[in-house]
Amino acid sequence: QASLESLCEKLLDSIGDKGSVFVYSASEASQLRHLQGRYPHLRDGLANVQQRLFDLERTIRGNLAHPGFRGRTSLKCVLPVLVPRYENTYEELIVGDGAGAILAFDRTIDPTTSSLEREQLRDALLKYCGMDTLALVELHRYLVNVAAQTGYR
């Protein structure tokens, strides 16, 4: 049985205590602050992760503009414009956005959820989180290439 606390522990075990942690928006920092209050015994580790966050959305919002963004900088707007092969990728997923991921996770830790549904939700969450991770890698790669071509440091 998964729990939010065990998820935090697994995160800290997996992520280590050095290096940048790429995110896309301020929501991860907000969640980490909330979790520090909820699990005091994990506060230092979670604070360490929070201090290492690097927000790619802030970088894009402050440095790039494109008509295809339609005035927005959400990952779903920016990714297909900058990395066109990812157009419609999220639309193909069962869990396709952060709000859906939160709901799906809540269902996975609900004791009334059947084991079959829990496995289906877990698979959907892994696909969504995998896509988000790949999106961040691709956006980072794009930004590094643009910086190299323009001489930006």
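## Helix 4 and its neighbours

The buried residues of helix 4 pack against strand 1 (21-23), strand 2 (53-55), helix 5 (75-82) and helix 7 (115-150). Here, contact means heavy atoms within 4.5 Å, and buried means under 20% relative accessible area, with exposed over 50% and partly exposed in between (1.4 Å probe, protein chains only). Helices (H or I, at least four residues) and strands (E, at least two) are DSSP runs, numbered from the N terminus.

This is a predicted model, in which local features need pLDDT of at least 70 and side-chain atom pairs count only at pLDDT 80 or more, while totals for chains, interfaces and linings use all residues. Residues are numbered from 1 along each chain as its sequence is written, and side-chain values use heavy atoms, leaving out hydrogens and water.

Which residues of helix 4 are buried? They are Leu56, Glu57 and Ile60, within a helix that covers residues 56-63. Looking down the axis of helix 4, you find its buried residues within an arc of 100°, so they line one face of the helix. The arc is taken from the directions from the helix axis to the C-beta atoms. On the face turned away from the buried side sit the exposed residues Arg58 and Gly62.
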